Amino acid sequence: MGKDYTPLVATIDIGTTSTRAILFDYHGQEVAKHQIEYSTSAQDDIKRKRSQIISSEGISLTVSDDLEVESVDNKAGPTLQFPQPGWVECRPSHILANAVQCLAACLVTMENKNLDRDEKNKYKLISIGVANMRETTVVWSKKTGKPLYNGIVWNDTRNNDIVDEYTAKYSEKEREEMRTLCGCPISTYFSATKFRWLLKHVPEVKQAYDNADGDLMFGTIDSWLIYHLTNEKSHVTDVTNASRTNFMNIETNKYDDRLLKFWDVDTSKVILPEIRSSAEVYGHFKVPQLESIGYVESYLTDDALALLETIEGAPLAGCLGDQSASLVGQLAVRKGDAKCTYGTGAFLLYNTGYQTLISEHGALTTVGYWFPGLDESEDGKHSSKPQYALEGSIAVAGSVVQWLRDNLRLISKAQDVGPLASQVDNSGGVVFVPAFSGLFAPYWDSNSRGTIFGLTQYTSASHIARAALEGVCFQTRAILKAMISDAGASTDFLEESSKATGHNPLSVLAVDGGMSKSDEMMQIQADILGPCVTVRRSINPECTALGAAIAAGFGVPKEDRIWGSLKECTEAILEGNKMYLAAGNTSLDFKATLSDEVRRKEWRLWENAIAKAKGWLKDTA
């Protein structure tokens, strides 16, 4: 690489239930990592004092030097809050503090490792990337930098009344025109309805908007983070996050006056973040003064602060919404590649290349990534243009395991769900539709709720556990079927293995996230998809963070880059994966074992259950 140091790229990864920072090397391997699991309003002191924590994604966590758990005794209250049924809030200042703490801990690890490295081979941080939960909406004051309300998290459904209001306000034709422009329908999921709720229900936000004095700032978590971590106070977002607001034109990648008018947003009254690519310099790192925005806890030691000050001026040069970051981190960068991340929810992306594809079957059109600095002579024609994807989102995935554990108490640890489900060969006719907050793609019904069908005296805890896992996997199949249809291909190979050809539109589904670590869960997924699709578990457990690191690697000037091209990056990471396997880690492929007849019968039961679960809350008010 011709440098007298070993370059590293940092990622700050803001998730739904935790924040982590990771330093990656040329081969995409972790050099340092630190994670903070959020305190929540649902926890009690006894639970938090245990040495083992099970996250809502279903991951078993053990407190260590690389993982800490926030204290519930924070003076300002927990980071993640559930104040009412269906409400999910986060404290923006806490998330910012966690991000800085995690980055500082990684620098400590890097410095300690540098003690054992020769002078010309020491690690050096060259750029920082951000990955973040998308759609989560934050509003703050430009004058003070303080949030005007807690962040409204992506899976919050308090804005159902806003969805109903705008659905009634516009005709089906007008709503479809809006969806075609931005790629996303009217839903509680996206930022527009969350912002409208804030304007309607939070006086401080409404007053700041009506004052129209240039003080009210709107953004998703990436915007909040970059604004406070850059010396320039850069108010920006990248295309992957902006595509989840309902405000951005999916073709032009700019705000569209027609969309803003649709949502009654006056940009003279609120400052929207500038939409930028996923890989460029947004600003330069500066340690934020958290006391000035109301964070009252002491969060940095003098040594940690001193280390952070050594990287002040480092470029923040990459930004991707978490699911786009996972697409890149899975190296699913070719048209036709697909990945599914099983976290709190599940998110399936199908790469459609540089052209947008508006779904006719319930999938979303979103931006996969945009690396404008790529050289098309090396990485292929159109590689420097925005790359798009079809996306299907499942609101409840890992959180159904949490529900089985905490609410039904069927299991004591999240990792027990697979063994419990595998005690039976099938669900015994039970179908579990885990629509705790409505159904997302491809059904889009906010009036659905979680429903269990087919209970008999024969039904056991194992049948319910298996049906819960199957409920996530059936939704994945429904989304894939919709996407393949949108791509103009036949879905026959999902129905019957004899109809498979050598040119199926999808042969491998790359998977990652907490639930993907369960062999039982992945075998169920393979059985539901059928023998023509191999379910392939990711070798790298931190695909989301790696994707943002790749973005940050290409966001700096060419002479400073860790990789010369996306092709070189892919080859280097694949080589790193081989080293990961050589260290004793495993990567498994899962293939279907069910017969076509059984698979078709179970699919028909699922479709019947969906038809009955939809519209549960409709006309009940």
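The model is predicted, so local features need pLDDT of at least 70 and side-chain atom pairs count only at pLDDT 80 or more, while totals for chains, interfaces and linings use all residues. Residues are numbered from 1 along each chain as its sequence is written, and side-chain values use heavy atoms, with hydrogens and water left out. Helices (H or I, at least four residues) and strands (E, at least two) are DSSP runs, numbered from the N terminus.

**Cavity and pocket**

- Rolling a probe the size of a water molecule over the atoms shows where empty space is left.
- On a 1 Å grid over the protein atoms alone, a cavity is a set of points where a 1.4 Å probe fits but cannot get out, and a pocket is an open set with protein on both sides within 12 Å along at least five of seven lines; lining residues have an atom within 4 Å of a point.
- Grid points are joined across faces, edges and corners, and a volume is the space filled by probe spheres set on the points.
- Searching the whole structure turns up one cavity of 30 Å³ or more, and the largest cavity holds about 30 Å³ of space.
- Phe218, Thr220, Thr237, Ala242, Thr245, Tyr255 and Pro273 line the largest cavity.
- That lining has four nonpolar, three polar and no charged residues (Ala, Val, Leu, Ile, Met, Phe, Trp, Tyr, Cys and Pro count as nonpolar, Asp, Glu, Lys and Arg as charged, and the others, Gly among them, as polar).
- The second largest pocket has a volume of about 840 Å³.
- Of the 31 residues lining the second largest pocket, Val163, Thr167, Arg175, Ile186 and Trp444 lie nearest its centre.
- Helix H4 (172–182) gives the most to the lining of the second largest pocket, with five residues.
- By class, the lining of the second largest pocket divides into 12 nonpolar, nine polar and 10 charged residues.

**Helices that cross**

- Two packed helices are described by the angle between their axes and the distance between the axes.
- Axes here are lines fitted to C-alpha atoms, for helices over the stretch in contact, and angles run from 0 to 180 degrees between N-to-C directions.
- Helix H15 (residues 461–486) and helix H20 (residues 596–613) have axes that come within 11 Å and cross at roughly 95 degrees.
- That makes H15 roughly perpendicular to H20 (under 35 degrees counts as roughly parallel, over 145 as roughly antiparallel, 65 to 115 as roughly perpendicular and the rest as oblique).
- The contact (heavy atoms within 4.5 Å) is made by Gly471, Phe474, Gln475, Arg477, Ala478 and Lys481 of H15 and by Glu602, Trp603 and Trp606 of H20.
- In the contact of H15 with H20 there are four nonpolar, two polar and three charged residues.
- The axes of helix H11 (residues 322–329) and helix H18 (residues 543–555) come within 6 Å and cross at roughly 85 degrees, and H11 and H18 are therefore roughly perpendicular to each other.
- Asp322, Ala325, Ser326, Val328 and Gly329 of H11 meet Cys543, Thr544, Leu546, Gly547, Ala548 and Ile550 of H18.
- The contact of H11 with H18 has six nonpolar, four polar and one charged residues.

**A covered helix**

- Helix H5 (residues 191–201) is mostly covered, with nine of its 11 residues buried (buried means under 20% relative accessible area, exposed over 50%, partly exposed in between, with a 1.4 Å probe and protein chains only).
- Among the buried residues of H5 are Lys194, Phe195, Arg196 and Trp197.
- The cover over these buried residues includes strand S10 (137–141), helix H3 (160–169) and helix H6 (203–211).

**Residues to look up**

- Arginine 134 sits in the loop between strand S9 (123–132) and S10, and at 2% relative accessibility arginine 134 counts as buried.
- Alanine 467, in helix H15, is buried, with a relative accessible area of 2%.
- Beyond its neighbours within four places in sequence, alanine 467 is in contact with Ser427, Val430 and Phe432.

**Backbone details**

- Most residues other than glycine have a negative phi, and most peptide bonds are trans.
- The peptide bond from alanine 441 to proline 442 is cis, with omega near -5 degrees.
- Histidine 382 has a positive phi of about 75 degrees and counts as buried at 16% relative accessibility.
- Arginine 409 has a positive phi of about 55 degrees and is exposed, with a relative accessible area of 67%.
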